[in-house]
Structures are given as C-alpha cells and as structure tokens.
Amino acid sequence: MGRLDGKVALCTASAQGIGLETVLAFAKEGARVIATDVNISKLEQEVKDVPGIEAKTLNVADKDQVTALVDQLDRVDILFNCAGIVHNGTILDCEEADWDQTMNINLKSMYFLCRAVLPKMVAQGSGSIVNMSSSASNVKGVPMRFVYSVSKGGVSGLTKAIAADFVSKGIRCNCICPATVETPSLQERINAFPDPVKARADFIARQKMGRVGKPEEIAALAVYLASDESGYTTGQDLVIDGGWGLA
C-alpha cells in the first residue's frame with residue numbers, strides 16, 4: 001500500500017520544480033492528485049503519462065477560480081500550497097506593485113485556498129495542509145530578499161494560526177522552509193546576473209553541504225507531512241536547508 005492511498009491531494013504550482021516533484025511523489029504513494037498551474041500546457045505535458053494525476057488550470061491569486069475548483073471536489077485530504085515568486089532587492093528596491101504582486105501570489109493565495117478547503121476538511125474530520133515557506137523568512141535574515149522574506153514569514157504565521165484553530169478538528173497545518181533548491185526558478189534568477197557562472201558558485205558557496213537542494217528532497221518531506229505518519233505534527237516550520245542556518 002502507498003503512504004497516501006485513498007487520499008485526495010490538491011496541489012498548486014505543479015508544472016515544474018518542487019511542485020512537479022511533489023505531485024509525482026504524491027501520485028506514486030497512491031493519492032488522487034489534482035495538480036494545478038497557470039501554465040496548463042506545460043503541466044499537461046509533464047503529467048500526461050502519470051496515473052492518478054489530473055491537470056487543472058488555476059491562477060491561485062484569483063479567488064473566484066480557487067472557489068470554483070474546490071467546489072468541484074467532493075473531498076480534499078491534502079492541500080499543498082506551493083505557488084510563489086522571488087523578488088530580488090531590499091525594501092528600497094521594492095515598489096508598491098512588487099509588494100502587492102508578491103503578497104498576492106505568495107501569501108494571499110494561501111488564504112484563498114485554505115479558506116476554501118477547510119470547510120471540507122472540517123466536515124471530514126481530517127486533513128493535512130502543507131505550505132511552502134522558506135528559510136528566507138522568520139527563520140533567517142537573507143540579504144536582497146526583503147518582500148519575499150516578509151511574505152514567507154507571513155506563511156509561517158498563517159500556518160501556525162490555522163494549526164491552532166483547527167487542531168481539535170483533526171486538521172494539521174505545517175510549512176516547509178527550504179534553502180536554495182535546484183529549480184527552473186533558481187536557474188532564471190542565476191541567468192539574470194551579469195556573470196551567471198559566478199552567481200551559481202555563490203549560491204553553492206553559502207550552503208555548508210557544498211550543494212543546493214534537490215526538488216525531490218523537498219517532495220519527500222511534503223509526502224511525510226501529508227501522510228498519517230506525521231499525525232502528531234502540526235503548526236511547525238520544518239527547515240530543510242543543508243545546514244545553511246548552522247553557525
């Protein structure tokens with residue numbers, strides 16, 4: 001038997017990186033996976049031959065789209081909130097439009113999804129919400145990650161508040177706080193530097209293990225948090241950072 005047999009998992013940002021590896025891992029463990037992304041053509045291409053995964057279009061920052069999708073589902077056992085963007089710079093580089101876009105995608109989307117899904121979980125008497133945060137948050141101050149860090153610190157607060165409010169209803173809520181992970185998003189940020197080779201070396205140099213993380217390593221933690229194996233774990237920031245936070 002798979003670790004997620006019989007469970008329905010709703011996942012966001014599923015077309016690439018951590019999101020894609022997680023929906024693949026969920027399906028491998030027996031879940032029925034509702035995989036969503038704004039880039040539906042890429043998502044469908046990635047999961048077309050994978051049993052147990054249904055691809056759906058979803059703009060997580062659109063409340064009406066979120067509500068309509070959740071209304072179609074009879075039950076939701078797992079919610080994996082993975083959508084996010086990374087803005088580079090200090091507070092002085094963060095215009096109001098940057099703030100609003102980051103907060104809408106990184107944090108407000110989780111509010112929309114959690115609020116839509118929780119009534120179903122309450123009615124079931126069970127559920128696991130797994131939110132993607134970051135080590136660049138309340139966990140650790142990171143240069144040039146101002147609004148990103150603020151939004152991810154908000155994810156931690158949202159996670160703990162939901163965990164506290166619904167712990168007696170059989171619902172758990174936790175967040176994952178990775179350091180740098182090898183994803184298409186990371187490569188895009190590296191390519192934006194004047195010297196991409198040096199930029200990649202700098203990212204690796206700050207990791208005490210001498211490498212960045214792998215998406216499948218984050219997905220493995222998501223599977224654990226989604227499964228009944230973590231039944232005594234809620235309201236936690238689970239740091240997976242390759243030792244970045246060590247003194």
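Visitor: Let's start with S2 and S3: how many bridges join them?

Guide: This is a predicted model, where local features need pLDDT of at least 70, side-chain atom pairs count only at pLDDT 80 or more, and totals for chains, interfaces and linings use all residues. Residues are numbered from 1 along each chain as its sequence is written, and side-chain values use heavy atoms, with hydrogens and water left out. Strands here are DSSP runs of E, at least two residues, and helices are runs of H or I, at least four, numbered from the N terminus. Strands S2 and S3 run parallel, and the number of bridges joining them is 5.

Visitor: In what order do the strands of the open sheet come?

Guide: There are 7 strands, and the pairing is parallel. S3 (53-57) and S7 (237-240) stand at the edges with a single partner strand each, so one side of each has no neighbour in the sheet. From one strand to the next, the twist averages 20°. The order is S3-S2-S1-S4-S5-S6-S7.

Visitor: Are the residues of S1 buried or exposed?

Guide: Buried means under 20% relative accessible area, exposed over 50%, and partly exposed in between (1.4 Å probe, protein chains only). In S1 (residues 8-11), Val8 and Leu10 point one way while Ala9 and Cys11 point the other way, and all are buried.

Visitor: Where is Arg211, and which side chain does its own side chain make a polar contact with?

Guide: Arg211 sits in the loop between helix H7 (196-205) and helix H8 (215-226), and is partly exposed, with a relative accessible area of 33%. Leaving aside neighbours within four places in sequence, Arg211 is in contact (heavy atoms within 4.5 Å) with Ile204 and Glu217. A polar contact is a pair of N or O atoms within 3.5 Å; within protein, one must be able to donate a hydrogen and the other to accept it, and residues adjacent in sequence count only if both atoms are side-chain atoms. At 2.8 Å, the side-chain partner of Arg211 is Glu217.

Methods: Pairing = 2+ DSSP bridges. Axes fitted to C-alpha atoms, helices over the stretch in contact; angles between N-to-C directions.
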